[in-house]
Amino acid sequence: VRRVDAPMTLPAQAQMALERLTGTSSAGFLSPLPRGTVIREVWVSPAGIAYVDFDEGFPDLLGGGSLAEIHAVYGVVATLTASFPNIRSVQFLVDGQPVESMTGHLDLSRPVTPLADWVY
């Protein structure tokens, strides 16, 4: 658990939380989001869906493995839904467009809800 001074808006707070997940932490543990991850924007609908827009290079940073995609997706979902009660699911976007998958292993065509087995 890390505490940081948060911006005022929910989307800005959510984006800051995700940016803290990239690369390796100062404590030395690996993050679910690879170093070099760029989050273009986050916004939250009144229905509690967080739209997370990654830059076009994000899928390439994950490589082709299913485990990297699972960790990234559920790391984002768990971080946002556990940290912000108003967020209930996450819709993944790349370069402003919805994606069916990041690397071909998970269906991301709809908003993703948290799984109890994948908590970060």
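Is Leu33 buried or exposed? At 0% relative accessibility, Leu33 counts as buried. The legends below describe close-up views of a predicted model.

**View 1. Leu33 in the loop between α1 and β1.** Leu33 has a relative accessibility of 0% and is therefore classed as buried, the limit being under 20%. Computed along the sequence, Leu33 lies 36 residues from Glu69, while the C-alpha atoms of the two residues are 9.2 Å apart in space.

**View 2. The open sheet of 4 strands.** The strand order is β1-β2-β3-β4, and the pairing is mixed. Strands β1 (39-44) and β4 (97-98) form the edges, each pairing on one side only. Strands of a sheet pair through backbone hydrogen bonds, in either the parallel or the antiparallel sense. Between β1 and β2 (residues 49-54) the sense is antiparallel, with 5 bridges. Within this pair of strands, Glu41 has Asp53 of β2 as its bridge partner.

**View 3. Helices α1 and α3 lying across strands of the sheet.** Helix α1, comprising residues 10-19, lies across β1 and β2 and runs at about 140 degrees to β1. Helix α3, comprising residues 66-83, lies across β2 and β3 (89-94); its angle to β3 is about 135 degrees.

**View 4. The largest nonpolar core, with 29 residues.** In soluble globular proteins, nonpolar side chains tend to be buried together. In this model, the residues with the most contacts inside the core are Val52, Val76, Leu80, Phe92 and Met102. At least two core residues come from each of α1, β1, β2, α2 (58-62), α3 and β3. Helix α3 gives the most, supplying 7 residues.

**View 5. Contacts of Met102.** Residues up to four places away in sequence being left aside, Met102 touches Phe54, Phe58, Pro59 and Leu62, among others.

**View 6. Thr79 in helix α3.** Thr79 counts as buried because its relative accessibility is 13%, and the cut-off is under 20%. The side chain of Thr79 reaches the backbone oxygen of Gly75 at a distance of 2.7 Å. Apart from neighbours within four places in sequence, Thr79 is in contact with Ala17, Leu18 and Leu21.

**View 7. The salt bridges of Arg40 with Asp53 and Asp95.** The model contains 2 salt bridges. In one, the side chains of Asp53 and Arg40 meet at 2.8 Å, N to O. This pair links distant parts of the chain, with Asp53 in strand β2 and Arg40 in strand β1, 13 residues apart. Asp53 counts as buried at 4% relative accessibility, whereas Arg40 is partly exposed, with a relative accessible area of 42%. In the other, the side chains of Asp95 and Arg40 meet at 3.4 Å, N to O. Here too the partners come from distant parts of the chain: Asp95 is in the loop between β3 and β4, Arg40 is in strand β1, and 55 residues separate them. Asp95 is partly exposed, with a relative accessible area of 38%. Through shared partners, these salt bridges join Arg40, Asp53 and Asp95 into one network.

Methods:
Residues numbered from 1 in each chain as written. Predicted model: local features only at pLDDT ≥ 70, side-chain atom pairs only at ≥ 80, totals over all residues. Heavy atoms only, no water. Pairing = 2+ DSSP bridges. Contact = heavy atoms within 4.5 Å. Axes fitted to C-alpha atoms, helices over the stretch in contact; angles between N-to-C directions. Core = buried A, V, L, I, M, F, W, Y, C linked by side-chain atoms within 4.5 Å. Buried < 20%, exposed > 50% of the residue type's maximum accessible area, 1.4 Å probe, protein only. Polar contact = N/O pair within 3.5 Å; in protein donor to acceptor, adjacent residues only side chain to side chain. Salt bridge = Lys/Arg side-chain N within 4 Å of Asp/Glu carboxyl O.
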